[in-house]
Amino acid sequence: TMNHALVSLACHAYVVAALIYLVYLVRQWDVLAVVGRVLVGTGLVLHGLALFGLFGAQGGRPVGMAQGFSTFAFLLLAIFLVVDVRYRRPVMGAFITPLAVTVLLPGLLLDGGQPLPPDVQRPLLPVHITIALLGVAASAVAAGVAGMYLLMERQVKGKRFGLLFARLPSLEFLDTLNRQLVVVGFIALSVTLVTGAFFSSAAPGFFWAWQSKQIATLLAWVVFAALISARFMGGWRGRRVALLTMTGFGLLLLCFLSSYDFTHLAGGWR
């Protein structure tokens, strides 16, 4: 279909951008950063058109694993591009764009979507899903930033000032960016918890069904709440914050994957 073709073209643009950013990690030529941004931006336009056309025919919501993965990849790259344009740190693309391509591939390879159950086809469901995926994407970028922080810290402590030390942003910048992304993810996660409890009610009148994805989301919320409290009230920074960020994202990733039935491999492009 046309939507699938647009996403395929976007994926090709993302793959080339990922290769360019990896080259930029070794050779920091300004032209590579510009080309990488143009490719990611072009891919986002094509990808966005495909998602808009697809969701328009589905009541504004993704259906199935493939569309969920595709939307996640789109938001992941959109956040990266905003960060890159705002702070001019294209080297982050060497870490984020390959991850986004890996996430997007299932959105191209899987098909056979299943309709949503009638009991969850509610008017505000698209808003809930969008906010949930935005929270996961922001947390994914935060986890990537945390990973870069740990790499940099290891080089500093070991006094091995190699390629990564010369290319990656400073520890202070990475720590600050991590804080900003975690706050965005936490706000989205808080909204997701409230609306998700409503949409996932086991029966009328029940607010909480104690499903595995609800429990994983709640645990992730607790981790990020503790992380933000430790930052602003306890003055935590650095390694502990990075590790907590990655733990919280791991729980959110578990929640995201548990939302789909891998035995049916439902996609939804056709």
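Modeller: Accessible areas here come from the Shrake-Rupley method with a 1.4 Å probe, and for residues only the protein chains shown count as cover. This is a predicted model, where local features need pLDDT of at least 70, side-chain atom pairs count only at pLDDT 80 or more, and totals for chains, interfaces and linings use all residues. Residues are numbered from 1 along each chain as its sequence is written, and side-chain values use heavy atoms, with hydrogens and water left out.

Colleague: So how much accessible surface does the chain have?

Modeller: About 13000 Å², and carbon and sulfur atoms account for 70% of that.

Colleague: And how many helices and strands?

Modeller: Nine helices and zero strands, counted as DSSP runs numbered from the N terminus (helices H or I, at least four residues; strands E, at least two).

Colleague: Switching to H47, is that buried or exposed?

Modeller: Buried, at a relative accessible area of 0%; buried means under 20%, exposed over 50%, partly exposed in between (1.4 Å probe, protein chains only). H47 sits in helix α2.

Colleague: What does the H47 side chain pair with?

Modeller: The side chain of S70, through a polar contact of 2.7 Å. That term is for N or O atoms within 3.5 Å; within protein, one must be able to donate a hydrogen and the other to accept it, and residues adjacent in sequence count only if both atoms are side-chain atoms.

Colleague: What else does H47 touch?

Modeller: Beyond four places in sequence, its contacts (heavy atoms within 4.5 Å) include V7, A10, Y14, F74 and L104.
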